[in-house]
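Biologist: I should like to learn how to read the features of a model such as this one. Please take me through it step by step.

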Amino acid sequence: MSTLTVAPPECPAPIVRSMPAIGTTASVVVEDPELADPALGFLAVDLSDLDDACSRFRPDSELRIVERLGGGRPTPVSPLLYSALDAAAAIAVRTAGIVDPTIGSALVELGYDRDFADITDDDVPLAAPRPAPGWWRVRLDPSARTVAIPDGVHVDLGSVGKAFAADRSARRIAEALDCGVLVNLGGDIAVAGAAPDAGWGVGIALSSRTAPGEADEVVVLRSGGLASSGTTSRSWNRRGRRVHHIVDPWTGEVAPSTWALVSVLAPTCQEANGWSTASVVWGEDAPGNLAALGLSARLVSSGGDVVLVGDWPHPANDPEGVDRCWR
């Protein structure tokens, strides 16, 4: 497990390159200025490949084609799509089905059937929520590298796919350029290679677009992954009701808005994202569940209160922090 500390007042400024991709802002961070553009090039190719394979919004993506033509029959797929689906299944198992990739139909009913930037408020009646079909209905055969998706099951790789991509790209860039690297895909952060002596400074804020100097808190990450999930940055109005993108698969309803933001540290970004997403669904039970799992996390309630779990560091200017920490 990576250690996390509060950032010192002065940290060396890393070299950052950013671009819009997969419906968010994608950034890559390195120490050597000469490696910044090549690193961004690797990231751009990886995310383009991911979009081709896994996009829920493109009818020509490999995932959509498999759903449309497979009819529940085993279908050979690319290594990338298989790996992404396998990662989603692994997170579903780890979270006891709280994070389930078969919530796609529920998201479509909520109006999230296009890139988030294109969603508009509307008065379309909401259908009665229905539980997700269940991640176990998507059958994966590793020996044949086939996927069988039953008719009517709509897969959404969503945030798990984004975290999977952050881990994958960080590893690939570190190996290709022989350097330490941080990849940030809209708040899903993975690091690989040797970290700088001072570590990677990571800002925590409700919006991934917040400028570094305006972050609520800055912590230092040296290895592993850090992911944040929330109910405010991706929300919209649906028939006069505020909804967001995190769904409880057991009911098909949007998860409670107990937490505006949950940030979790784990050995990989993929695992961190699974637990941060699960925490939103858990609602008030999240701090206790995270503590029982031995995880470090920072939770911000819808009212702005901050709860720290495990070894998440206390800000130096918060002497009362220990009273709000779950151990």
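Modeller: Let us begin with a sheet: three strands form an open sheet in the order S4-S6-S5, and their pairing is antiparallel. Strand S4 (75-76) and strand S5 (139-141) each have a single partner strand and stand at the edges, so one side of each is left without a neighbour in the sheet. This is a predicted model, in which local features need pLDDT of at least 70 and side-chain atom pairs count only at pLDDT 80 or more, while totals for chains, interfaces and linings use all residues. Residues are numbered from 1 along each chain as its sequence is written, and side-chain values use heavy atoms, with hydrogens and water left out.

Biologist: How are strands and their pairing defined, and how many bridges join S5 to strand S6?

Modeller: Helices (H or I, at least four residues) and strands (E, at least two) are DSSP runs, numbered from the N terminus. Two strands pair if DSSP finds at least two bridges between them. Here three bridges join S5 to S6 (residues 146-148), and the two run antiparallel. Within this pairing, Leu140 is opposite Val147 in S6.

Biologist: Which helix lies across S5 and S6, and at what angle to S5?

Modeller: Axes are lines fitted to C-alpha atoms, for helices over the stretch in contact, and angles run from 0 to 180 degrees between N-to-C directions. Helix H3 (residues 79-94) lies across both strands, running at about 125° to S5. The expected span of a helix is 1.5 Å times one less than its number of residues. The 16 residues of H3 should therefore span 22 Å, and its end C-alpha atoms are 22 Å apart, which agrees.

Biologist: What covers the buried residues of H3?

Modeller: Among the buried residues of H3 are Leu80, Tyr82, Leu85 and Ile91. Their cover includes helix H1 (33-54), helix H2 (62-70), S5, S6, helix H5 (158-177) and helix H6 (269-282). Just after H3, Ala96 has a positive phi of about 55°. Ala96 is in the loop between H3 and helix H4 (104-109), and it is exposed, with a relative accessible area of 58%.

Biologist: How many residues of strand S16 are buried, and which strands does S16 pair with?

Modeller: In S16 (residues 259-266), eight of its eight residues are buried. Six bridges join strand S11 (residues 225-230) to S16 in antiparallel fashion, with Gly225 opposite Ala266. Six bridges also join S16 to strand S17 (residues 296-301), again antiparallel, and there Ser263 stands opposite Arg298.

Biologist: What pLDDT does the protein chain average?

Modeller: pLDDT is the predictor's confidence in each residue, from 0 to 100. The protein chain averages 86, and 80% of the residues score at least 70. Over residues 319-327 the pLDDT is below 50, although this stretch has 19 contacts in the model beyond near neighbours in sequence. Where pLDDT is low, the predicted coordinates should not be read in detail.

How values were computed. Contact = heavy atoms within 4.5 Å. Buried < 20%, exposed > 50% of the residue type's maximum accessible area, 1.4 Å probe, protein only.
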